[in-house]
Amino acid sequence: MPTLFGSGIKRREDPRLITGRATYTDDVKLPGLIYLAILRSPYAHAKLGKVDTKAAKAAPGVLAVYAGADITDRVVPVPCAWNVPNCNLKTPPHPLLAHQKVRYVGDGVAMVIAESRAAARDALDLIEVDYEPLKAVTDPERACQQGAPQLHADVPNNLAFTWVVAGGNADEAFAKAEAKVSLRIVQQRLLPTAMEPRAAVASYNAGTGQLTLWATSQNPHIHRFLCSVMLKIPEHRVRVIAPEVGGGFGSKIPCYADEVLACLASMDLGRPVKWTEDRSENYKATIHGRDHVEYVEMCGTRDGKITGLRTRVYAGLGGYASTAAPGVPTILHGLMYSGAYTIPNIHGTVHGVYTTATPVDAYRGAGRPEATYLIERLVDTLAREIGMDPVEVRRKNFIPKDAFPYTVATGLTYDSGNYHGTLDKALGMLDYGAFRAEQEKARQQGRYLGVGVSSYAEICGLGPSQVAGAVGFGGGLYDSAVVRVYPTGMVRVYIGTKPHGQGEETTFAQIVADEFGYPVESVEIVHGDTESTPQGWGTYGSRTTAVGGTAVKLAAQRVKEKAKKVAAHLLEANEADLEWKDDAWVVRGSPDKRKSFAEAALMANVAWNLPAGVEPGLEATAFFDPTNFVYPFGTHLCTVEVNPETGQVTVLRYIAVDDCGPPINPMIVEGQVHGGVIQGIGEALQEMAVYDAEGQLLTGTMMDYAVPKASQMPKIETAHTVTPSPVNPLGVKGVGETGTIASVAAVVNAVCDALAPLGIKHIDKPLTPARVWAAIQQAKGNGGGR
Amino acid sequence: MKRTVSLSVNGATRTAEVEPRALLAHVLRDDLDLTGTHIGCDTSQCGACTVLIDGRAVKSCTMLAVQAEGCQITTIEGLATNGNLHPLQQAFWEKHGLQCGFCTPGMIMTAVDLLAQNSNPSEGEIRHAIEGNYCRCTGYQNIVAAIQAAAATLRGATPARAAS
């Protein structure tokens, strides 16, 4: 019987989504529903004076108005949940509504609850707030210099932490090196822009003391825990339901003040409360991504052996430390400084810096795109310095495939890999030699073609809980599944992860159906409701399949082991004499003596005739805690043409060769790569959150922030190699973030390669026509530089 | 001051008491419970709220509900007929043209209009036609493939039926 594992079957979540029958949080309606709106600071940094809510309270339809002072004693500030050790981390409290001071445009100041959405919004305009504006600073490098405006009284120079990673002896390597290169790199702020804005519906029943929260969450169990902490109510009285979630990309990991304020309002007013942000609010009040200023260096031999890497990074955190923020530029970034290479000497210093801007947290790739980008930019820069083909430098420094498991200088142990394999495949798809010849010919005609290579290894499948604890993550990182078999043999699987577009209702059903010899239709995957699902840690860090999928597999195996005992009993045979064939156990040598899984499931559920010592029922729970992370890898190639007159970059071809272990559903894997790559191309070419000198977000609406459009984006050519991971029994790695991790460097390397004849070494992303044109003018001595 | 609007939605007449300033998108969702139409921005960029007004794709956040009186409105809920998916719905499913699904209803409605205007669009024409509909998940590639597949189905469907 062919297995479902490896088959690109259609997604099972799609029928409701293509017919408008899905339920997202803002679609939830309850009797007596009232609406919450939040007043947000128009200043980046200001002392907060009197907040006068009198007129708002008197407005038609308004039920209640609160300012920060009204709730400060009743709630716990929004906690930072990743307290990275050994870096002197300071995480000053983030009040649910600002108290005494506001620290970014969008910081919540007051809230209104009213009978209608419009009435609540209208009443915000009636709240009078005294602000005493202070100086703003949104650049993380400037924010930690002497004399910069101070955000928090107890955080000198706005320095939230200084974290160091070291392996080997980088200073000695640089002192002895034959070749050295350095770059100053800005990794601009990005707006995650999940298409569904955040929303919450909170319903508190004073009679039972139960709070139910529907929320746009990637991790409802984390929301449950954090809600209970912030509201000071017992965790078992909180139920969080993340229904259909319209994308997250990390921005729906945190439990924000807004969701908790909706809960508080419902508890006070005894009615269900809905809050939905609009896009402009989303851009100010939902986390941003990236925001690094980096000084990076690489050294090596003249024949291309990389011997050292050093960094000094200023990572902007925004006004407060968001949920996972300290872990992103450190654990998920600095520990990945070896990339796909055997770099023996590494030293990195990462300064986390508070700025008067929206908090920064995990955004697709979270630290690894930044690491890959700086490494891959340096490899190209070094290659050019020593006059070697950048492909050859990569080949020379790859961790060889027979060296795995391989421990890099930062201390991580990579599980498995074949980096030459993905590189060779990508080069073959492009015909690298032919492109170089075409490029040479074009250069003679005054045209600028370039090819960018990006070879990456990334860390995902987060992760062993013991490691999570050691690096200060405020939770576990195992995951869970309950497989429940009904009397008719139909199966429901309750999972602790929370798919929100990645298709696990299909891929996890493929895993379970294979186990039982079932068609995929016999298995339903249930997620998102803490009432029915076992404790889990959600969907981020490309962990859902490697960790949660394995839990599903293990729970299904446990169910099958029990069903086998029942089948053996019914067949009056020894278990040892049974063999599994298609969908049934058959007594070896007697092919007509068979019991299907469904028959055994029926007997287990009715319990009329069970073997001695076997309990009735057929379900099992599994919690899987991996022994290591998993490390997907690959090579992406991008070819571009740059118009020297306009600075316009045209992507000619984009080739992605990834290895995420065996794909459960190749169609879904390819879709993940497409989306990730386009997000990375957006980062490379057009996306940037811009603040002015006063800390106003200039890209505060979708009119101003350059989300990639269909007409702007190229076609992606995908291919895969398959190197299983030894870390889990499925052999799978993650693929949700690889596209974003790889593509940014591929595009920028291609543009810098195209412009090499002009002597241009580096242009900071996003490579907008204006920036590229300016760099060309400067290189030509026309004074058009920034 | 609220006023009564009478709207023809998915073939049925629906009435609602709305403020004159109420956007069609909000009235469809909040008053008529047609929550398949989504709202992803407040500046008419994202296209998640796209519906058909008299057969043409319109971002329902760009129109007041009171302006839609007398128009024929089709939302995603009204696209399948007699329980059969529209060829575009089928093609989005077949080609993996969606991930989180939030942009999908608007994307499909825009594509319905495109294929009504142009039964055999090129890839470039498709990408241009949907540039007012943002998708953050798919990278658009499979959406383009889905629209191409649906176009082929729609082109082939009529003669095939006529022949049989």
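Predicted model: local features only at pLDDT ≥ 70, side-chain atom pairs only at ≥ 80, totals over all residues.
Visitor: Why is Asp26(A) called buried?

Guide: Asp26(A) has a relative accessible area of 13%. Buried means under 20%, so Asp26(A) counts as buried. This residue is found in the loop between H1 and E1 of chain A.

Visitor: How do you know that Arg29(B) and Asp26(A) meet in a salt bridge?

Guide: The distance between their side chains is 2.7 Å, N to O. A salt bridge requires a side-chain nitrogen of Lys or Arg within 4 Å of a carboxyl oxygen of Asp or Glu, and the pair Arg29(B) and Asp26(A) therefore qualifies at 2.7 Å. Arg29(B) lies in helix H1 (residues 24-31) of chain B and Asp26(A) in a loop of chain A, so the pair joins two chains. Arg29(B) is buried, as is Asp26(A).

Visitor: What makes Arg117(A) and Thr276(A) polar partners of Asp26(A)?

Guide: The side chains of Asp26(A) and Arg117(A) are joined by a polar contact of 3.4 Å, and the side chain of Asp26(A) makes another, of 2.6 Å, with that of Thr276(A). The cut-off for a polar contact is a pair of N or O atoms within 3.5 Å, one able to donate a hydrogen and the other to accept it. Not counting residues up to four places away in sequence, Asp26(A) touches Arg117(A), Ala199(A), Lys274(A), Thr276(A) and Arg29(B).

Visitor: Why is the pair Glu370(A) and Arg290(A) called a salt bridge?

Guide: Their side chains meet at 3.8 Å, N to O, and the limit is 4 Å, so the pair of Glu370(A) and Arg290(A) is counted.

Visitor: What makes Arg594(A) and Asp583(A) partly exposed?

Guide: Arg594(A) has a relative accessible area of 37%, and Asp583(A) has a relative accessibility of 27%. Buried means under 20% and exposed over 50%, so Arg594(A) at 37% and Asp583(A) at 27% are both partly exposed. Their side chains meet in a salt bridge of 3.0 Å, N to O. Arg594(A) lies in strand E24 (residues 590-596) and Asp583(A) in the loop between strand E22 (578-581) and strand E23 (584-587) of chain A, so the pair ties together parts that are eleven residues apart in sequence.

Visitor: Why does Glu458(A) count as buried?

Guide: Glu458(A) has 0% relative accessibility, and the cut-off is under 20%, so Glu458(A) counts as buried. Glu458(A) lies in the loop between strand E18 (448-457) and helix H14 (465-470) of chain A.

Visitor: How do you know that Glu458(A) and Arg368(A) are in polar contact?

Guide: The contact joining their side chains is 3.1 Å, and the limit is 3.5 Å; the pair of Glu458(A) and Arg368(A) therefore falls within the limit. Leaving aside neighbours within four places in sequence, the residues in contact with Glu458(A) include Met336(A), Ser542(A), Tyr631(A) and Glu737(A).

Visitor: How do you know that chain A and chain B bury area between them?

Guide: About 4400 Å² is buried between the two chains, 54% of it on carbon and sulfur atoms. The contact takes 55 residues from chain A and 46 residues from chain B. Between these chains the count is eight salt bridges, and there are 30 residue pairs in polar contact across the interface. H18(A) gives the most to the side of chain A that touches chain B, with eight residues. By class, that side has 24 nonpolar, 15 polar and 16 charged residues.

Visitor: Which residues touch the most other members of the largest nonpolar core?

Guide: Of its 155 residues, Met298(A), Tyr414(A), Val642(A), Tyr654(A) and Leu755(A) touch the most other members. Another core, of 52 residues, lies apart from it and has among its members Ala22(A), Met702(A), Leu88(B) and Met107(B). In soluble globular proteins, nonpolar side chains tend to be buried together.

Technical notes: Residues numbered from 1 in each chain as written. Chains lettered and ligands numbered in written order. Heavy atoms only, no water. Helix = DSSP H or I, 4+ residues; strand = E, 2+ residues; numbered from the N terminus. Buried < 20%, exposed > 50% of the residue type's maximum accessible area, 1.4 Å probe, protein only. Contact = heavy atoms within 4.5 Å. Buried area = accessible area lost by both parts, 1.4 Å probe. Nonpolar A, V, L, I, M, F, W, Y, C, P; charged D, E, K, R; others polar. Core = buried A, V, L, I, M, F, W, Y, C linked by side-chain atoms within 4.5 Å.
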